[in-house]
Amino acid sequence: MRYIALVSPPSNDDWSTRHSVRATARRTAALVNALTARSRPDPGAIAGILLDHGEPGPLELTADDVAGMRAAAVRLREVFAAGHVDGAARALNELLREGTGPLRLSSHGGRSPWHPHLDSDDEAPWGEWFLASSCMALTVLLWDGQRPPGGLCSSPSCDSVFLTLGSGPERRYCSRRCATRERVAAHRRARAGSGSP
């Protein structure tokens, strides 16, 4: 069960900024990375990510809630791993077909502006909500950009997902840190291969 404890209804502008397609996609990438990390995800840490990305508190996640979200994250990772727009679209179509309900509008009993949902109802389990809201955001990004909404970091020492929200050359790394580390490693390999001191 999600707890929504707002003292007063948020302004439409504030709510829309915190729950925009891009904000939802950023939350998706952060949660996929946290939930599919090698270590077992901690409910408190996952609640912290949700709060950091605009979900109202208080949040009390159980181990079962996190397990459902982790299962969704593993499936969502397939969209990021697709590598090409057609593969990402196929992965999203499968998730939409198997893991979401029909499109509906909700205002959470008047506590928020009207907005679309693909989960079964406002009290859907966390895993169902996470999969449905993420599918919607990633679908809109693919539709809008006509390219995959994100990718997997190309660094062999990293397995993070990232979003492709801007224009420009194709992104290969999740962060500047990973890109720099790989450039330095390639430079060292080239120097060692050429026999330079």
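Trainee: Is Glu78 buried, partly exposed or exposed?
Mentor: This is a predicted model. Glu78 has a relative accessible area of 37%. Buried means under 20% and exposed over 50%. Glu78 is therefore in between, or partly exposed.

Trainee: Which residue forms a salt bridge with Glu78?
Mentor: The closest N and O atoms of the pair are 3.9 Å apart. The cut-off is within 4 Å, so the pair counts. Both residues sit in helix α4 (residues 63-81), three residues apart, so about one helical turn separates them. The partner is Arg75.

Trainee: What is the relative accessible area of Arg75?
Mentor: Arg75 counts as partly exposed. That class lies between under 20% and over 50%. The value for Arg75 is 25%.

Trainee: How many residues apart are Glu94 and Arg75?
Mentor: Glu94 forms a salt bridge with Arg75, with the closest N and O atoms 3.4 Å apart. Glu94 lies in helix α5 (residues 85-99) and Arg75 in helix α4, so the pair links distant parts of the chain. The separation is 19 residues.

Trainee: Which residue forms a salt bridge with Arg104?
Mentor: Arg104 lies in strand β1 (residues 104-106). Its partner is in the loop between β2 (115-117) and α6 (126-145), so the pair ties together parts 15 residues apart in sequence. The closest N and O atoms are 2.8 Å apart. The partner is Asp119.

Trainee: Is Asp119 buried or exposed?
Mentor: Asp119 has 1% relative accessibility. The cut-off for buried is under 20%. Asp119 is therefore buried.

Conventions:
Residues are numbered from 1 along each chain as its sequence is written. This is a predicted model: local features need pLDDT of at least 70, side-chain atom pairs count only at pLDDT 80 or more; totals for chains, interfaces and linings use all residues. Side-chain values use heavy atoms; hydrogens and water are left out. A salt bridge is a side-chain nitrogen of Lys or Arg within 4 Å of a carboxyl oxygen of Asp or Glu. Helices (H or I, at least four residues) and strands (E, at least two) are DSSP runs, numbered from the N terminus. Buried means under 20% relative accessible area, exposed over 50%, partly exposed in between (1.4 Å probe, protein chains only).
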